[in-house]
Amino acid sequence: MFIAYAATLINPEQFNALIESDAQLVLPTLVLEHTPVFAQAIFFGAVLSAIMSCSSATLLAPSVAFSENIVRNFFPSIGDHAFLRIMRLTLVCFAAIVLVFALNSEASIFKMVENAYKVTLAGAFVPLFFGAYWQRATTQGALTAIVGGLASWLLIELLVEAPLVPAQLIGLAVSMLGMIAGSLLPQRIGEPTPAHDLHARMHHRAAAQTHHATGLHQHGRK
């Protein structure tokens with residue numbers, strides 16, 4: 001931000017015009033026209049490094065999550081080598097889908113990244129957070145949160161032109177309600193999460209120990 005602001009002080013007419021037409025060209029133009037070759041190499045090398053790092057992490061995370069949490073459930077007895085091949089194939093498929101989307105989109109890189117994180121906020125954050133920290137979270141609640149959050153976000157994005165509240169925040173609120181309601185209502189889908197199951201086992205063990213202690217006490221009185 002400091003460098004971009006400095007560009008408007010160095011040449012206000014040129015860079016203000018770039019801000020109006022395409023703000024993404026402000027920094028590259030400043031570096032190419034007002035810095036030596038050594039600084040240009042450092043700048044563009046750092047930019048490429050940041051892009052490659054973010055791209056690799058963003059591709060690996062959903063590929064591994066999809067393979068581990070969805071594919072493995074359909075093929076629980078699959079070997080490590082076969083699972084690694086499936087994970088690599090999933091990575092290539094995701095990369096191809098992202099490439100096709102990027103080539104056919106007119107949005108800027110910033111806008112595409114922003115839209116990608118809207119999906120995560122509306123559909124993935126609540127199941128992850130509640131599944132890790134709420135003992136009563138269930139599979140049914142997670143599915144309800146995902147479907148409700150994504151559906152509400154997409155409907156508002158498509159049907160409401162200028163909502164008072166950002167669509168992704170409404171999707172987040174609906175996702176939270178879906179998680180709570182789906183977990184507390186009678187369970188029709190899936191099984192309790194490990195945390196929920198562990199809590200139930202601990203409660204059952206405590207009750208059994210109490211019953212056993214009561215029995216010993218009564219036997220001693222006899």
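Mentor: A helix is a DSSP run of H or I of at least four residues, and a strand is a run of E of at least two, both numbered from the N terminus. The model discussed here is predicted, so local features need pLDDT of at least 70 and side-chain atom pairs count only at pLDDT 80 or more, while totals for chains, interfaces and linings use all residues. Residues are numbered from 1 along each chain as its sequence is written, and side-chain values use heavy atoms, with hydrogens and water left out.

Trainee: With those terms settled, how many helices and strands are there in the chain?

Mentor: The chain has 10 helices and zero strands. Its pattern, read along the sequence, is α-α-α-α-α-α-α-α-α-α.

Trainee: Which residues does the UniProt annotation "transmembrane region" cover?

Mentor: According to the unreviewed UniProt entry, that annotation covers residues 37-61, 82-103, 115-134, 141-160 and 166-185. Such annotations may be inferred rather than shown by experiment; their positions are given in the numbering used here, with feature names shortened.

Trainee: What makes up the span of residues 37-61, helix or strand?

Mentor: The span of residues 37-61 is 100% helix and 0% strand, and its end C-alpha atoms lie 36 Å apart. For residues 141-160, the chain is 95% helix and 0% strand, with 27 Å between the end C-alpha atoms.

Trainee: How do you know what helix α9 should span?

Mentor: The expected span of a helix is 1.5 Å times one less than its number of residues. Helix α9 runs over residues 167-184, which is 18 residues, so it should span 26 Å; its end C-alpha atoms are 26 Å apart, and the two values therefore agree.

Trainee: Which residues of α9 are buried?

Mentor: In α9 the buried residues (under 20% relative accessible area; exposed is over 50% and partly exposed is in between, with a 1.4 Å probe and protein chains only) are A167, Q168, G171, L172, S175, G178, M179, G182 and S183. These residues cover an arc of only 140° around the axis, the arc being that of the directions from the helix axis to the C-beta atoms, so they lie on the same side of α9.

Trainee: Why is A173 called partly exposed?

Mentor: A173 is found in helix α9, and its relative accessibility is 37%, which is why A173 counts as partly exposed.

Trainee: Which residues are buried in α7?

Mentor: The buried residues in α7 are V126, P127 and F130. Viewed down the axis of α7, they fall within an arc of 95°, so they line one face of the helix. The face turned away from that buried side carries the exposed residues L128, A132 and Y133.

Trainee: Why is I109 called exposed?

Mentor: I109 has a relative accessible area of 55%, and because exposed means over 50%, the term applies. This residue lies in helix α6. The C-alpha atoms of I109 and Q24 are separated by 9.2 Å, although the two are 85 residues apart along the chain.

Trainee: What makes V64 count as partly exposed?

Mentor: V64 has 33% relative accessibility, so V64 counts as partly exposed. V64 is found in helix α4. From C-alpha to C-alpha, V64 and R88 are 9.0 Å apart in space, and in sequence they are 24 residues apart.

Trainee: Finally, what percentage of the residues in the chain is buried?

Mentor: Of the 222 residues in the chain, 19% are buried.
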